[in-house]
Amino acid sequence: MVIHQTSYRSGIGLCDLSQHFALLAELLEGKSVDLKIVEKEDLPYELEWFNDLDFWGQYERIEQASKAEFEKDFEKPHRVKDFFIQKKDGTKVGILRVFALVPSMQDVFGLEIGYSLLAEERGKGYCTEAVNILLDFLFLSSTVFRIQAHADVRNKASQRVLEKTGFQKEGTIRKGYFARGERRDSFIYSILRDEWKEPRILEDPSQL
Ligand SMILES: CC(C)(COP(=O)(O)OP(=O)(O)OC[C@H]1O[C@@H](n2cnc3c(N)ncnc32)[C@H](O)[C@@H]1OP(=O)(O)O)[C@@H](O)C(=O)NCCC(=O)NCCS
C-alpha cells in the first residue's frame, strides 16, 4: 500500500479531520481495493448512494439529504470524512466513514468508523481490507489511541468485519439508536493502538 504526499507521525491531533486528511492527496492503496477520499466533485455520486435505502442494508439509520444540504455539510468544519472503497480499476464499491468523537469524559479524543458496500459487492473481503487500510493509515499518521465502531446485534457481517480486523467487543448499547421505525440494540467494539500492533497492509513508512 502506498500513501501519497502524507506526512507520517506528524503528531497532528484528529479533532479536525479536514485538516488531517488535507495531507492525504490521492489514494490509500491496498491489494484488492483502494481508498479514495471523497472530494467536493464526488458529492453528486455519493449523494445517490446516501439517499438509496438499499445501499445501507437493514441495520443502518436512514437519512435523506437534498443536494444543497449535502454540499453544506461537506463545507462544515469536518467531524466526518468519507472514503470511497474502490476496486483497482477505479470502480467504486462502497463507502468507509471516519467520525471524530467529541471528547466527553475522555481526556483524549477518539474516532469511530462506519461502512457500507453495494449489495452485489458484499462478501468478497473488500470491507475487511478497506478497514485494515484505514486502521494502518490512522494509527500511522496520528497519535490516536482508540478507534471504535457500532454494529447492530443482528448484523453478523459487520460484526465479522470488526472481529477480523482486530476490534474487541466491549458490550451492548441497549436501544441506543433508532432505525426503520424501532429503537435497536447494538454492540460497541474498539481497537486500541497496542492491539493494532503493526501495519497489516501499509508498508512501514520509514521504508517509503
Ligand atoms: C457489513 C458490510 C459492509 C460488510 O462488507 P463485506 O465487504 O461484505 O465484508 P467482508 O466480505 O470483508 O467480510 C464479511 C464477513 O462476514 C461474514 N458474513 C456475511 N454475512 C454473514 C451472516 N449473515 N452471518 C455470519 N457471517 C456473515 C462473511 O462470511 C465474511 O466473513 P469470513 O471472511 O470469515 O467468511 C456489508 O455487508 C454491507 O454493506 N452491509 C450493509 C450495510 C451495513 O450493514 N453496514 C454496517 C453498519 S454497522
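## Before we start

Because the model is predicted, local features are given only where pLDDT is at least 70 and side-chain atom pairs only at pLDDT 80 or more, while totals for chains, interfaces and linings use all residues. Residue numbers start from 1 along each chain, following the sequence as written.

## The overall fold

Let's begin with the whole protein. Its secondary structure comes to six helices and eight strands. Here helices (H or I, at least four residues) and strands (E, at least two) are DSSP runs, numbered from the N terminus. Read from that end, the elements follow the order α-β-β-α-α-β-β-β-α-β-α-β-β-α.

The protein has 208 residues, and 24% of them count as buried. A residue is buried if 20 or more other C-beta atoms lie within 10 Å of its own, exposed if 12 or fewer, and partly exposed in between, with C-beta atoms placed from the backbone. Two residues are in contact if their C-beta atoms, placed from the backbone, lie within 7 Å. Among contacts with a separation of 6 or more, 62% join residues 24 or more positions apart.

## The nonpolar core

In soluble globular proteins, nonpolar side chains tend to be buried together. A nonpolar core is a set of buried Ala, Val, Leu, Ile, Met, Phe, Trp, Tyr and Cys residues joined through C-beta atoms within 7 Å. The largest one here has 32 residues, and Leu35, Ile85, Leu96, Ile113, Ala130 and Leu134 have the most contacts inside it. Helix α4 gives the most to this core, with nine residues.

Leucine 134 shows how such contacts look: leaving aside neighbours within four places in sequence, it is in contact with Leu35, Leu96 and Ile113.

## Around the ligand

Which residues come nearest to the ligand? Of the 22 around it, they are Gly57, Cys127, Thr128, Lys156 and Arg160. A residue counts as near if its C-beta atom, placed from the backbone, lies within 6 Å of the molecule.

β5 (111–117), α4 (126–141) and α5 (156–164) each supply at least two residues of this shell, and α5 gives the most, with five.

## A closer look at aspartate 34

Aspartate 34 lies in strand β2 (residues 33–37). Is this residue buried or exposed? Aspartate 34 is buried, because 22 other C-beta atoms lie within 10 Å. Not counting residues up to four places away in sequence, aspartate 34 touches Leu27, Leu28, Glu29, Gln86 and Lys88. Its C-alpha atom is separated by 9.4 Å from that of lysine 92, 58 residues apart along the chain.
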